[in-house]
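Please read the following walk through the structure alongside the sequence and the 3D view. It goes from the ligand to the sheets, then to the helices and the domains.

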Amino acid sequence: MHLIETRDLVYVYPGSVKALEGINFIAPRNSRIAVIGSNGAGKSTLFKHFNGIFKPTSGSVLIKGEPITKNNVREVRKFVGIVFQNPDDQIFSPTVEQDVAFGPTNLGLDEETVNHRVQEALRIVGIEDLATRVPHHLSGGEKKRVAIAGVIAMEPQVIVLDEPTSGLDPQGVKDFNEFINSLSSKYGMTVIFSTHDVSLVPEIADFLYVMNKGRIIAKGTIEEIFIQPDLLQSVRLDVPVLPKLISTLRSHGIGISMAFTYSDAEKAFLEAFDRKS
Ligand SMILES: Nc1ncnc2c1ncn2[C@@H]1O[C@H](COP(=O)(O)OP(=O)(O)O)[C@@H](O)[C@H]1O
Ligand SMILES: [Mg+2]
């Protein structure tokens with residue numbers, strides 16, 4: 001049984017903008033899934049179906065095989081945590097600490113457990129030093145981390161991040177890669193994130209969906225999708241730089257293995273130039 005599954009999901013916004021046109025999406029346990037697509041593809045609209053914020057116009061959304069109903073929506077929200085694209089949509093409290101504590105407190109946990117979770121979440125996203133700050137005075141990247149910490153503190157099984165790295169500086173993006181990898185390897189969380197920055201994807205995801213105009217136009221592993229430059233370009237996405245460079249070298253007759261992540265590319269280059277890695 002999949003943690004999240006959508007079947008023929010259609011969503012029409014009031015005013016009849018058809019944002020999703022028959023989405024079949026599956027998130028198996030422990031997967032790390034990227035949803036890529038340019039602006040307006042429908043990524044945010046899809047994500048808002050994963051914990052019942054939006055109800056399908058037609059089709060269905062199943063969480064561990066069960067449709068979301070009024071009766072189970074609270075449980076679903078414990079299970080699936082969403083970090084919105086805009087952190088201002090989910091930060092309300094006067095201090096960072098209080099904001100991160102909001103969710104776990106609402107779960108009815110005792111104070112000691114809440115404190116423990118808050119400290120742990122702040123540590124994981126690297127913002128312990130912001131604990132007593134006023135969220136609204138923070139930078140965009142810092143607010144983003146606060147929003148992520150707030151969701152991590154709920155300890156969901158599935159964490160859904162909508163454009164998590166937009167507005168982060170390069171170090172922020174690197175840190176993000178690391179903590180997402182640790183959420184998945186250390187805490188066993190299933191991670192789903194959206195982005196239009198394809199360079200990020202191979203370091204984090206093991207499976208991806210490509211969306212365009214409310215439809216999934218391709219899905220597969222990194223290897224399957226990222227060797228199709230035409231597909232990515234047709235939906236106005238970049239081709240990731242490493243496979244693109246390696247393809248060019250290969251077309252010039254240089255024998256080098258295809259690679260998608262920095263560390264694999266480093267190995268491939270050293271081998272191609274006959275150096276030991
Ligand atoms: N509140 C809304 N009302 C009407 N149309 C919307 C609303 N939000 C998004 N849309 C439309 O739905 C489509 C998908 O948007 P969205 O899910 O935000 O895409 P993405 O997150 O991939 O950029 C777009 O055509 C967008 O204009
Ligand atoms: Mg969006």
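Which elements each supply at least two residues of the shell around ligand 1? In this predicted model, they are β2 (17-27) and α1 (43-47). The largest share, three residues, comes from α1. The residues around the ligand are Tyr 13, Gly 15, Val 17, Ala 19, Gly 37, Asn 39, Gly 40, Ala 41, Gly 42, Lys 43, Ser 44 and Thr 45. Sorted by class, this shell holds four nonpolar, seven polar and one charged residues.

Strand β2, which contributes to that shell, belongs to an open sheet of four strands with the order β2-β1-β4-β5 and antiparallel pairing. The edges are taken by β2 and β5 (66-67); each has a single partner strand, so one side of each is left without a neighbour in the sheet. The partner of β2 is β1 (residues 4-13), and eight bridges join these two antiparallel strands. Within this pairing, Leu 9 has Ile 23 in β2 as its bridge partner.

Another open sheet has six strands, in the order β6-β7-β8-β3-β9-β10, and its pairing is mixed. Here β6 (80-83) and β10 (215-220) stand at the edges, and since each has a single partner strand, one side of each is left without a neighbour in the sheet. On average, and with direction ignored, neighbouring strands of this sheet are turned by 15° against each other. Helix α5 (residues 140-152) packs on the sheet, where it touches β6 and β7 (158-162). The direction of α5 makes about 175° with that of β6.

Strand β3 (residues 32-36) lies between β8 and β9 in the strand order. Is β3 buried or exposed? Five of its five residues are buried, so the strand is largely enclosed by the rest of the structure. The cover extends to both faces of β3: Arg 32, Ala 34 and Ile 36 are buried on one side, and Ile 33 and Val 35 are buried on the other.

The pairing of β3 can be followed in both directions. With β8 (residues 190-195), β3 pairs in the parallel sense over five bridges, and Ile 36 has Thr 195 as its bridge partner in β8. With β9, β3 also runs parallel, joined by four bridges; there the bridge partner of Val 35 is Tyr 209. Tyr 209 also has a bridge partner in β10, namely Lys 219. Strand β9 (residues 207-212) and β10 run antiparallel and are joined by five bridges.

Next come the helices. In α3 (residues 96-106), the buried residues are Val 96, Glu 97, Asp 99, Val 100, Ala 101, Gly 103 and Pro 104. What do the buried residues of α3 pack against? They pack against α4 (111-125) and α5, and α5 is also the helix that touches β6 and β7. Just after α3, Gly 108 takes a positive phi of about 85°.

Leu 232 is found in helix α9 (residues 229-234). Why does Leu 232 count as partly exposed? It has 19 C-beta neighbours inside 10 Å, whereas a residue is buried only if 20 or more lie within that distance. Apart from neighbours within four places in sequence, Leu 232 is in contact with Val 198, Leu 237, Asp 238 and Val 239. The C-alpha atom of Leu 232 is separated by 31 Å from that of Val 125, which is 107 residues away along the chain.

At the level of the whole chain, the protein is divided into domain 1 (4-91 + 156-236) and domain 2 (240-277). Their centres, taken over C-alpha atoms, are separated by 30 Å. The contact between them takes nine residues from domain 1 and seven residues from domain 2. On the side of domain 1 that touches domain 2, α7 (201-204) and α8 (222-226) each supply at least two residues. Helix α8 gives the most to this side, with three residues. By class, the residues on this side of domain 1 divide into six nonpolar, one polar and two charged.

Technical notes: Residues are numbered from 1 along each chain as its sequence is written. Chains are lettered from A and ligands numbered from 1 in the order in which they are written. This is a predicted model: local features need pLDDT of at least 70, side-chain atom pairs count only at pLDDT 80 or more; totals for chains, interfaces and linings use all residues. A residue is near a molecule or strand if its C-beta atom, placed from the backbone, lies within 6 Å of it. Ala, Val, Leu, Ile, Met, Phe, Trp, Tyr, Cys and Pro count as nonpolar, Asp, Glu, Lys and Arg as charged, and the others, Gly among them, as polar. A residue is buried if 20 or more other C-beta atoms lie within 10 Å of its own, exposed if 12 or fewer, and partly exposed in between; C-beta atoms are placed from the backbone. Two residues are in contact if their C-beta atoms, placed from the backbone, lie within 7 Å. Two strands pair if DSSP finds at least two bridges between them. Axes are lines fitted to C-alpha atoms, for helices over the stretch in contact, and angles run from 0 to 180 degrees between N-to-C directions. Domain bounds come from an automatic or database domain assignment.
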